[in-house]
Amino acid sequence: AGGNHRATVVSMTPTPTLIAPVGSVAAVPSFAWRAIPGSDWYRVTLFDASGAVVLEHEGPDTTLMLPDSVALTEGGTYLWRVEARVGWDRWVGTQLTRFEFVPQRP
């Protein structure tokens, strides 16, 4: 009952490294991550605490300014991730990373 079996494919492709926002933040002017070799296109997805997509953006840059059309809730918890295109229809992504929007009071 021998058959051909394929070995498990292990990806050695690095994933982007998220820089900011992470943890408790007083402001979210932008999202930033480190580029990975061989990637020319990134997809950023921002989720609210319920898992709803708040923002999705694709582009070649490793930063994304928070659009004026996206209003973060004070005290809100958000999750975000970045995926990098590393080949035709092949993406590698970060883990979901959490931040809390806690503006400082004057």
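Modeller: Proline 21 sits in the loop that joins strand E1 (17-20) to strand E2 (23-25); strands here are DSSP runs of E with at least two residues, and helices are runs of H or I with at least four, both numbered from the N terminus. The peptide bond leading from alanine 20 into proline 21 is cis, and its omega is near 5°. In general, most peptide bonds are trans, and most residues other than glycine have a negative phi.

The model is predicted, so local features need pLDDT of at least 70 and side-chain atom pairs count only at pLDDT 80 or more, while totals for chains, interfaces and linings use all residues. Residues are numbered from 1 along each chain as its sequence is written, and side-chain values use heavy atoms, with hydrogens and water left out.

Another backbone feature is at aspartate 89, a residue other than glycine with a positive phi, near 55°. Aspartate 89 lies in the loop between strand E7 (77-87) and strand E8 (90-93). Its relative accessible area is 61%, which means that aspartate 89 is exposed (exposed is over 50%, buried under 20%, partly exposed in between, with a 1.4 Å probe and protein chains only).

As for the context, the chain has 9 strands and 0 helices. Of its 106 residues, 31% are buried. Among contacts (heavy atoms within 4.5 Å) with a separation of 6 or more, 56% are between residues 24 or more positions apart.
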